[in-house]
Amino acid sequence: MVGDVLGPSLRVLFCGINPGLYSAATGHHFARPGNRFWPALHRSGFTPRLLTPAEQGLLPSYGLGITNVVPRATAQAAELSAEELRAGGERLVRLVAEIRPQVLAVAGVTAYRHAFGAPKAVIGPQESRVGETAVWVLPNPSGLNAHWTLDRIAAEMRRLRESLS
């Protein structure tokens with residue numbers, strides 16, 4: 001189980017699709033070596049230094065949190081059912097209503113489309129909101145998403161960071 005990393009007054013709640021098997025074994029989000037979340041987070045300016053997955057507990061001190069659409073660990077996100085993704089979207093709506101981050105940033109456009117019933121969603125800011133919370137879709141940082149380079153993922157995260165008020 002990979003627990004949510006939350007804190008008060010979050011600027012951004014990052015949301016992965018679901019934990020991989022390596023993340024589930026370690027208990028840390030985006031833990032597999034080669035996952036580009038942590039390097040992109042740093043390159044985008046969200047953190048002053050490169051954090052390791054084991055340092056995920058520091059995120060709230062930067063106004064950041066992290067969760068997943070679906071808590072079940074799989075080898076690949078493609079193993080998730082449409083029902084699991086929809087249920088995960090409903091859970092996210094409840095979580096966001098409770099903690100009220102400024103932005104919900106979902107890392108994975110396909111998962112976002114299924115979880116929120118938005119088949120035409122693209123990377124970037126979304127027109128829809130979750131209550132008062134803005135929604136942004138980021139590229140999936142998994143190494144399996146090879147057509148998105150680390151530099152491009154970091155650039156999207158930087159765009160998100162620069163949009164914050």
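A residue is called buried when its relative accessible area is under 20%, exposed when over 50% and partly exposed in between (1.4 Å probe, protein chains only). Welcome to this predicted model, in which local features need pLDDT of at least 70 and side-chain atom pairs count only at pLDDT 80 or more, while totals for chains, interfaces and linings use all residues. Residues are numbered from 1 along each chain as its sequence is written, and side-chain values use heavy atoms, with hydrogens and water left out. Helices (H or I, at least four residues) and strands (E, at least two) are DSSP runs, numbered from the N terminus.

**Helix 4**

- Helix 4 spans residues 109-116, and Val109, Ala111, Tyr112 and Ala115 are buried there.
- These residues lie on the same side of helix 4 because they cover an arc of only 155° around the axis, the arc being that of the directions from the helix axis to the C-beta atoms.
- Their cover includes helix 3 (82-99), strand 3 (103-107), strand 4 (124-130) and strand 5 (133-138), where contact means heavy atoms within 4.5 Å.

**Aromatic rings**

- Five aromatic pairs turn up in a search of the whole structure; rings of Phe, Tyr and Trp (its six-membered ring) pair if their centres lie within 6.5 Å, and planes under 30 degrees apart count as stacked, over 60 as edge-to-face and the rest as tilted.
- One of them joins phenylalanine 14 and phenylalanine 37 edge-to-face, at 5.4 Å centre to centre and 80° between the planes.
- This pair links distant parts of the chain, since phenylalanine 14 is in strand 1 (residues 12-16) and phenylalanine 37 is in helix 2 (residues 37-43), 23 residues apart.
- Phenylalanine 37 and tryptophan 38 also pair edge-to-face, because their ring centres are 5.1 Å apart and their planes are at 90°.
- Phenylalanine 37 has 1% relative accessibility, so this residue counts as buried, and tryptophan 38 is buried too, at 3%.
- Ring pairs join Phe14, Phe30, Phe37, Trp38 and Phe46 into a cluster.

**The largest pocket**

- The largest pocket has a volume of about 810 Å³, the space filled by probe spheres set on grid points joined across faces, edges and corners.
- On a 1 Å grid over the protein atoms alone, a pocket is an open set of points where a 1.4 Å probe fits, with protein on both sides within 12 Å along at least five of seven lines, and lining residues have an atom within 4 Å of a point.
- Of its 37 lining residues, Ile17, Ala77, Asn140, Ser142 and Leu144 are the closest to the centre.
- Helix 4 gives the largest share of the lining, four residues.
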